[in-house]
Amino acid sequence: MDKIENLQNYIAYLNVIQEKLNKFFDKQKEFLCCQKGCGKCCHNGQFHYSQVEITYLLTGYMKLDKETQNIVDKNIEKIIEEKRNFKGKTFKYNCPFLINDVCSVYQYRGLICRSFGLMVKDPTGKINVPFCAY
């Protein structure tokens, strides 16, 4: 399977998942406090993406205007420098695509970003309610 076909399959999969996520978010809306312009969950974290998610994310990046791309590039350079100088155990960073607390590639974000804030059941059956200190 080539990269283009793989990406097309991912987009089809993402459409199905997003439809399901929208239903979950609608059912849980009374518990959610997320709003455009908050971005607190995009600060000081780790953002694990699969290779196909990165490819899709880069598709969104390529559609950004040059000025926004430059901001993202500078954010990435800052993260690389911080990682180079980091001496602790767990390196956390701000998402480089977050600009003024708004996702610059929102339509192309990965699954971890799309599902953040939903209640989930852990393996023991306990329901974990979304929590935001802000």
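Start with cysteine 95 and cysteine 42, and show their side chains. This is a predicted model, and in it the sulfur of cysteine 95 lies 5.9 Å from that of cysteine 42, the closest cysteine sulfur, which is too far for a bond. A disulfide is a covalent bond between the sulfur atoms of two cysteines. The cut-off used here for such a pair is 2.5 Å between the sulfur atoms.

Cysteine 103 is in no disulfide either, as the nearest cysteine sulfur, that of cysteine 95, is 6.1 Å away. How many disulfides does a search of the whole structure find? The search finds zero.

Are cysteine 95 and cysteine 103 buried or partly exposed? Cysteine 95 has 18% relative accessibility and counts as buried, because the limit for buried is under 20%. Cysteine 103, at 26%, counts as partly exposed.

Stay with cysteine 95 and look at its surroundings. Cysteine 95 sits in the loop that runs between α3 (66–85) and β1 (98–99). Leaving aside residues up to four places away in sequence, cysteine 95 touches Cys42 and Phe47. Select glycine 45 as well: 50 residues separate glycine 45 from cysteine 95 in sequence, yet their C-alpha atoms are 7.7 Å apart.

Move on to the loop between β1 and β2 (102–103), and select asparagine 100 there. Asparagine 100 has a positive phi of about 55 degrees, although it is not a glycine. With a relative accessible area of 73%, asparagine 100 is exposed.

Then select aspartate 101, which is also placed in the loop between β1 and β2. The phi of aspartate 101 is positive too, at about 60 degrees, and aspartate 101 is not a glycine. Its relative accessible area is 25%, and aspartate 101 is partly exposed.

Finally, clear the selection and switch to a cartoon view of the whole chain. There are four helices and four strands, and along the sequence they follow the pattern α-α-α-β-β-α-β-β. The chain has 134 residues, of which 28% count as buried. Of the contacts between residues at least 6 apart in sequence, 72% join residues at least 24 apart.

Definitions and conventions
Residues are numbered from 1 along each chain as its sequence is written. This is a predicted model: local features need pLDDT of at least 70, side-chain atom pairs count only at pLDDT 80 or more; totals for chains, interfaces and linings use all residues. Side-chain values use heavy atoms; hydrogens and water are left out. Helices (H or I, at least four residues) and strands (E, at least two) are DSSP runs, numbered from the N terminus. Buried means under 20% relative accessible area, exposed over 50%, partly exposed in between (1.4 Å probe, protein chains only). Contact means heavy atoms within 4.5 Å.
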